[in-house]
Amino acid sequence: MQERIVVIGGGAAGLMAAIFAAQGDAQVSILEGGAKIGRKLLATGNGRCNLTNENICTRYYHGDVKRFQGILEAFPGRRVVQIFEGLGLLCRSEGEGRIYPYNVQASAVLDVLRLALQKRNVEIICEFPVMMLEKTGASFQITSHNGQAVYADKVILATGGKASPRLGSDGSGFTLAKRLGHSMTPLVPALVGIKTHTHRARPLKGMRSYVAATLWMDGQKRGEETGEVQFTEYGLSGICMFQFSRHINMALHDNPDCCVEVSLDLMPEYQEEWIAKKIAGHAKQYPESALSGLLTGLLNKRVGEEIVRQVFADPYPMPAAVCTFRHARELARCIKHFSFPILGSAPWDSAQVTAGGVAGKQIHPQTMESTCCPGLYFAGEILNMDGDCGGFNLHWAWASGILAGMSAAGIQNQKEKQGGKSS
Ligand SMILES: Cc1cc2nc3c(=O)[nH]c(=O)nc-3n(C[C@H](O)[C@H](O)[C@H](O)COP(=O)(O)OP(=O)(O)OC[C@H]3O[C@@H](n4cnc5c(N)ncnc54)[C@H](O)[C@@H]3O)c2cc1C
């Protein structure tokens, strides 16, 4: 009888796993909890889908990186590009090695995946949220919320994590994995904005500045990023803050008393002394002007006013003339070290990724098969593996999905190469 492989989860990892599993002789089905497959994929990269990166390597990943290093080495960015080009998607490379579909439409990525699934006769069953996954003898019973059951010889669990649950990934996959004997590492939101005290955040809400940011934990430097920071209602956002978020949340998870601070250099190209002279010069040039506007021409207006308020408690009634060189130095220091105590991050709803997941030690890294439940394979964000911004998370979903799909179908690596070219 024909073997049946069921993929649970119709996201990036599940779709790719199904395409490659279907290159073998098995009948392949996807069970997706939502009304449509690939919903998160359409939201990626602001609708442009940063699908991989030219510079795939371990330094951009966190979690069980050592365990899965071989997969990253076997699947560099160009291999994923070749596979997508084989499926009919032309790609383009932008800054920092980020790769997008040539037409910069995430929908194009989903379209070619759909075509490939169709061509390989993969059955897609939507609105089938899996509530129970049981192993009975050599086969699996997969049951939905309304008691409907599907049977499979092999299962690929690709349900994603807990980030952005409105797009389908509600964390239910972790429960399914746990029931079959798998352990989880701590789960925290990653690639998400970070929180500070409301009274520090509110006055700057809506402003943006180009910064060099430093992450401090208990007085030790733990990260450096450069880029645009966006000030929000609750704190700080933007790619450079996203990159800090998993480290902050993991540190606070391990030790809630950890003292976390982010310091922003608002004029990274300039020395403190030069800035002090510039400010003092401005005060001399326009002594009658409002002290609150002293940093006009240097910084974002509202950010500048906030810095002045840090040095002069109530600058509003005063003219710029009251600014001495000592004040100018203090202001310059504040500009180079605009610091915020960090309380955590925005919640799962706004996170792009889950840090933590099914422990890598329970997965064979050559096949993605579970070590404690033979016939069960894992792919994507459900695993304890997360990447930085830049296409690294989707890359992991594709690479682990391809490997899980091929392994479940008993296909050798060489066949994948040919399949990728000819498909
Ligand atoms: C707004 C946003 C933008 C992003 N942009 C990028 C980007 O540009 N580049 C990048 O590399 N990464 C990006 N990411 C991260 C990336 O999208 C994810 O890491 C990736 O989609 C994970 O793939 P996955 O298949 O493992 O999980 P998901 O994409 O989350 O897919 C899991 C699927 O499983 C289904 N499912 C869950 N539970 C069940 C169940 N019990 N039964 C049945 N089905 C179930 C879900 O409905 C979902 O369709 C972004 C994420 C977000 C939220």
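**Close-up views of a predicted model**

**The loop that holds asparagine 121.** Asparagine 121 sits in the loop that runs between helix H5 (106-119) and strand S7 (123-125); helices (H or I, at least four residues) and strands (E, at least two) are DSSP runs, numbered from the N terminus. The structure is a predicted model, in which local features need pLDDT of at least 70 and side-chain atom pairs count only at pLDDT 80 or more, while totals for chains, interfaces and linings use all residues. Residues are numbered from 1 along each chain as its sequence is written, and side-chain values use heavy atoms, with hydrogens and water left out. The phi angle of asparagine 121 is near 55 degrees, a positive value in a residue other than glycine. Asparagine 121 counts as exposed because its relative accessibility is 64% (buried means under 20% relative accessible area, exposed over 50%, partly exposed in between, with a 1.4 Å probe and protein chains only).

**Serine 164, a buried loop residue with positive phi****.** The loop between strand S11 (154-157) and helix H6 (172-179) contains serine 164. Although serine 164 is not a glycine, its phi is positive, about 50 degrees. With a relative accessible area of 8%, serine 164 is buried.

**Glycine 375 and its partners from other parts of the sequence****.** Glycine 375 belongs to the loop between strand S20 (353-355) and strand S21 (376-378). Its relative accessibility is 8%, so glycine 375 counts as buried. Neighbours within four places in sequence aside, glycine 375 is in contact with Phe140, Asp153, Lys154, Val155 and Glu369 (contact means heavy atoms within 4.5 Å). Glycine 375 and aspartate 153 are 222 residues apart in sequence, yet their C-alpha atoms lie 7.0 Å apart in space. For the protein in general, among contacts between residues at least 6 apart in sequence, 72% join residues at least 24 apart.

**Helix H1 within the structure.** Helix H1 (residues 12-21) is largely enclosed by the rest of the structure, because 10 of its 10 residues are buried. These buried residues are Ala12, Ala13, Gly14, Leu15, Met16, Ala17, Ala18, Ile19, Phe20 and Ala21. In the protein, buried residues make up 55% of the 423 residues.

In helix H4 (residues 77-87), eight of the 11 residues are buried, and the helix is mostly covered. The buried residues of H4 are Gly77, Arg79, Val80, Val81, Ile83, Phe84, Gly86 and Leu87.

**The largest nonpolar core.** This core has 84 residues, and Phe84, Leu113, Ile142 and Trp398 touch the most other members (a nonpolar core is a set of buried Ala, Val, Leu, Ile, Met, Phe, Trp, Tyr and Cys residues joined through side-chain atoms within 4.5 Å). Helix H12 (residues 392-409) gives the most to this core, 11 residues. Leucine 113 touches Leu15, Met16, Ile19, Leu41, Phe84, Leu87 and Trp398, when residues up to four places away in sequence are not counted. In soluble globular proteins, nonpolar side chains tend to be buried together.

**The two domains.** The protein is assigned domain 1 (4-188 + 355-422) and domain 2 (193-345); the bounds come from an automatic or database domain assignment. The centres of domain 1 and domain 2, taken over C-alpha atoms, are 41 Å apart. Contacts between the domains involve 10 residues of domain 1 and eight residues of domain 2. The protein has 13 helices and 22 strands, and its C-alpha trace spans about 90 × 40 × 35 Å along its principal axes.

**The second largest pocket, between the domains****.** Domain 1 and domain 2 both give residues to the lining of the second largest pocket, so the pocket lies between them. A pocket, found on a 1 Å grid over the protein atoms alone, is an open set of points where a 1.4 Å probe fits, with protein on both sides within 12 Å along at least five of seven lines; lining residues have an atom within 4 Å of a point. The volume is about 420 Å³, with grid points joined across faces, edges and corners and the volume being the space filled by probe spheres set on the points. Of the 20 lining residues, Glu96, Arg98, Glu225, Gln243 and Cys389 lie nearest the centre of the pocket. Strand S15 (220-231) and helix H8 (239-254) each supply at least two residues of the lining, and S15 gives the largest share, five residues. By class, the lining has five nonpolar, nine polar and six charged residues (Ala, Val, Leu, Ile, Met, Phe, Trp, Tyr, Cys and Pro count as nonpolar, Asp, Glu, Lys and Arg as charged, and the others, Gly among them, as polar).
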